[in-house]
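This report goes through a structure one region at a time. The sequence and the coordinates come first.

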Amino acid sequence: MTFPEWTKPGVYGALVGAVAVSILGFTWGGWTTAGSAEEMADSFAAEQVTLAMVPVCLGLSEADAERVEILATLREASGFQQRNAMMETGWATLPGTDAPSRDLADACLAELALGGS
């Protein structure tokens with residue numbers, strides 16, 4: 001069986017076109033693989049849980065009898081030490097867990113600074 005003369009360039013053109021469309025789709029077109037989509041979804045869910053728990057953190061801080069002293073300690077600390085101090089207060093511990101959350105501590109610190117308290 002013989003193929004027409006245009007078959008070979010046509011097949012090469014289709015292959016090159018498929019590769020080019022795939023590259024453009026994944027880089028500029030917004031295409032994702034299942035694995036990267038799952039990672040993005042997990043990251044987004046964790047961020048939303050943290051944001052949803054900030055009011056709980058603020059409520060714990062308001063209910064704490066030693067709030068004034070703790071806030072003074074937090075104001076005196078800087079950067080990394082401030083987050084560690086917030087984690088030691090227990091305010092940044094998610095309900096049902098034993099260890100405090102670094103992300104929740106950062107978010108709670110941001111809200112405490114915005115509240116001016």
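At 13% relative accessibility, threonine 50 counts as buried (buried is under 20% relative accessible area, exposed over 50%, and partly exposed in between, with a 1.4 Å probe and protein chains only). Threonine 50 is found in helix H2; helices (H or I, at least four residues) and strands (E, at least two) are DSSP runs, numbered from the N terminus. Leaving aside neighbours within four places in sequence, threonine 50 is in contact with Asp103, Leu104 and Ala107, where contact means heavy atoms within 4.5 Å.

This is a predicted model, in which local features need pLDDT of at least 70 and side-chain atom pairs count only at pLDDT 80 or more, while totals for chains, interfaces and linings use all residues. Residues are numbered from 1 along each chain as its sequence is written, and side-chain values use heavy atoms, with hydrogens and water left out.

## The nonpolar core

The largest nonpolar core has 18 residues, of which Leu74, Met86, Trp91, Leu104, Cys108 and Leu112 touch the most other members. Such a core is a set of buried Ala, Val, Leu, Ile, Met, Phe, Trp, Tyr and Cys residues joined through side-chain atoms within 4.5 Å. Helix H2 (34-63), helix H3 (67-76), H4 and H5 are the elements that give two or more residues to this core. H5 supplies the largest share, six residues.

Beyond residues up to four places away in sequence, leucine 74 touches Gln82, Ala85, Met86, Trp91, Leu109 and Leu112.

Arginine 75 is found in helix H3 and, at 53% relative accessibility, counts as exposed. From arginine 75 to leucine 109 the C-alpha to C-alpha distance is 9.9 Å, and the two are 34 residues apart in sequence.

Aspartate 64 sits in the loop between H2 and H3. With 23% relative accessibility, aspartate 64 counts as partly exposed. Aspartate 64 touches Ile70 and Trp91, not counting residues up to four places away in sequence.

## The salt bridge

How many salt bridges does a search of the whole structure find? The search finds one, counting a side-chain nitrogen of Lys or Arg within 4 Å of a carboxyl oxygen of Asp or Glu. Arginine 83 forms a salt bridge with aspartate 106, and their closest N and O atoms are 3.4 Å apart. Arginine 83 lies in helix H4 (residues 79-89) and aspartate 106 in helix H5 (residues 102-115), so the pair ties together parts that are 23 residues apart in sequence. Aspartate 106 is partly exposed, with a relative accessible area of 34%.

The unreviewed UniProt entry carries the annotation "transmembrane region" for residues 12-31; UniProt annotations may be inferred rather than shown by experiment. Over residues 12-31 the chain is 80% helix and 0% strand, with the end C-alpha atoms 24 Å apart. Tyrosine 12 lies in helix H1 (residues 7-27).
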